[in-house]
Amino acid sequence: MTAYNKVTPEILDMLRAAAPGHILTGEDINPDYSRDEMPIYGLSAPDAVLQATSTEEIAAVVKICNDNKIPVTTRGAGTGLVGGCVPVYGGVVIETIKMNHILSYDLENFSVTIEPGVLLQQLAEDALTKGMLYPPDPGEKLATVGGNVSTNAGGMRAVKYGTTRDYVLAMKVVLPTGEITSFGAKVSKTSSGYSLLNLMIGSEGTLGIITELTLKLIPAPKSTVSLIVPFEDLETAISAVPKVKMANLDPQALEFMEREIILSSERYVGREVFPKKMNGEDVGAYLMITLDGENEDEIMTRVESAAELLLEEGAMDVMVVDNPQKLRDAWATRSSFLEAIMEETKLLDECDVVVPIKEIARFLTFAKKTGEECGLEIKSFGHAGDGNLHIYQCSNDLEKEEFEKRVDTYFEKLYKEATDCGGLVSGEHGIGRGKVKYLTASVGETNMELMRGIKSVFDPNLIMNPGKVCYTA
Ligand SMILES: Cc1cc2nc3c(=O)[nH]c(=O)nc-3n(C[C@H](O)[C@H](O)[C@H](O)COP(=O)(O)OP(=O)(O)OC[C@H]3O[C@@H](n4cnc5c(N)ncnc54)[C@H](O)[C@@H]3O)c2cc1C
């Protein structure tokens with residue numbers, strides 16, 4: 001057990017001298033700093049907040065915290081879903097949201113350099129004005145890119161383009177000692193020792209603070225087409241997924257969703273786009289597929305092949321969403337699942353387990369059945385193309401304590417099943433505070449020891465985001 005110190009008035013004076021006008025305390029600290037988007041993992045207030053504006057300011061504050069053994073928790077936009085930015089042991093929260101400048105483009109090297117607090121939406125839109133695509137596309141567009149890199153966020157385009165990790169070329173980092181260093185380079189390949197860059201990506205603020213990022217861009221595809229594909233049941237929908245991939249149709253997005261979640265989300269957004277009945281039969285599940293490419297004719301040829309294949313595989317219909325308003329409504333419905341479930345649910349937890357693609361259908365059946373056995377309502381959707389499943393545990397009538405007990409039993413069973421079939425605890429949200437226990441069970445003590453060893457090399461005083469990933473203090 002590591003004992004941390006409190007921020008005393010003397011330390012506060014030092015922090016204020018290091019970052020004049022940027023330190024918040026007392027009532028100026030908004031309650032939002034105590035939580036992320038999944039408050040079930042607990043609320044915990046910091047003693048002080050740095051609203052950071054530069055690398056040097058962060059380094060100075062971190063050095064004071066390290067010298068005085070005060071925990072430091074980095075916060076982007078606080079949209080995480082595993083309690084990652086919650087300052088479990090108090091101390092100082094360093095918020096990056098004001099470091100929101102796109103610094104420079106280097107289009108000859110297909111790259112952009114930004115501050116970590118740039119929002120995903122801001123970067124995506126700005127890159128498009130240069131004819132470039134920043135491919136990672138996690139659902140929450142108001143997350144910071146620094147947060148995306150720190151969680152290795154995935155999203156809907158991962159099936160074709162990969163995850164955030166695949167687009168990080170270099171970064172500037174403030175280490176937990178307060179030293180400033182850089183990892184990576186603006187090159188397209190490297191065999192230059194251990195990849196410290198890749199250790200930082202997905203480290204959830206436990207190894208250091210990212211203060212600048214150089215990211216890879218690609219030329220934006222000229223055209224995209226989305227398909228809504230209704231099926232009688234989820235099993236038939238999911239079993240079509242490997243066929244779509246094998247047929248080389250190269251979808252940009254390949255999502256599955258169940259009827260119930262579409263109904264909730266359409267109620268939430270107030271519009272109906274998805275068909276509920278086809279030829280008198282109830283639709284039970286959907287695939288949503290996006291194809292992209294250089295010209296519309298080429299994409300339409302692939303759409304025709306996709307339609308033929310999907311109908312052979314049991315699709316009730318294949319609807320091309322070519323009307324821009326309908327397209328926006330369809331993706332708004334897909335993007336609002338979490339908010340829709342939150343709106344209708346008193347108690348909620350979630351996981352983003354990832355399993356091999358061929359296990360998806362069997363795993364989802366297991367997840368539903370286990371939910372029934374545990375007395376929990378289960379709602380699911382996810383990235384069918386890459387096996388990353390979002391499974392929500394919901395209850396409107398249990399007491400919190402009982403709900404948490406049941407969810408814990410549920411997760412133990414679910415993650416064991418995932419591990420047994422070759423899957424992992426998190427595909428994109430990370431471990432944060434909420435999934436530490438299940439990570440240990442999944443990867444084993446030897447691997448947890450390795451992670452703790454790496455942590456202590458970066459962070460000898462264990463001040464950086466304690467209580468998360470591998471170090472519970
Ligand atoms: C509606 C909704 C949809 C979502 N959809 C997706 C999705 O499709 N895919 C997906 O992957 N996630 C998704 N998320 C989760 C969330 O948006 C991501 O985890 C995102 O990457 C978090 O970014 P943030 O800026 O909000 O980070 P925060 O929540 O503030 O922090 C997340 C973690 O990163 C660390 N961190 C943040 N910035 C830095 C930094 N500069 N240096 C070091 N560490 C840092 C924090 O300490 C914390 O551990 C969704 C969330 C919501 C609410």
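Residue numbers start from 1 along each chain, following the sequence as written. Because the model is predicted, local features need pLDDT of at least 70 and side-chain atom pairs count only at pLDDT 80 or more, while totals for chains, interfaces and linings use all residues.

**View 1. Seven strands make an open antiparallel sheet.** Follow the sheet across and the order reads β17-β12-β16-β13-β19-β20-β18. (Strands are DSSP runs of E with at least two residues, helices are runs of H or I with at least four, and both are numbered from the N terminus; two strands pair if DSSP finds at least two bridges between them.) The edges belong to β17 (319-321) and β18 (347-351); each has a single partner strand, so one side of each has no neighbour in the sheet. On average, neighbouring strands here are turned by 20 degrees against each other, direction ignored. (Axes are lines fitted to C-alpha atoms, for helices over the stretch in contact, and angles between N-to-C directions run from 0 to 180 degrees.)

**View 2. Another open sheet has five strands.** The order is β5-β6-β10-β8-β9, again with antiparallel pairing. β5 (102-106) and β9 (180-184) sit at the edges with a single partner strand each, so one side of each is left without a neighbour in the sheet. From one strand to the next, the twist averages 15 degrees. Within this sheet, β8 (residues 168-174) and β10 (residues 209-216) are antiparallel and joined by six bridges; M171 has L213 in β10 as its bridge partner.

**View 3. A shell of 37 residues surrounds the ligand.** (A residue is near a molecule if its C-beta atom, placed from the backbone, lies within 6 Å of it.) The closest are all glycines: G76, G80, G84, G147 and G205. β3 (72-75), α4 (145-151) and β10 are the elements giving two or more residues to the shell, and α4 has the largest share, with five residues. Domain 1 (9-97) and domain 2 (102-219) each supply at least three residues. (Domain bounds come from an automatic or database domain assignment.)
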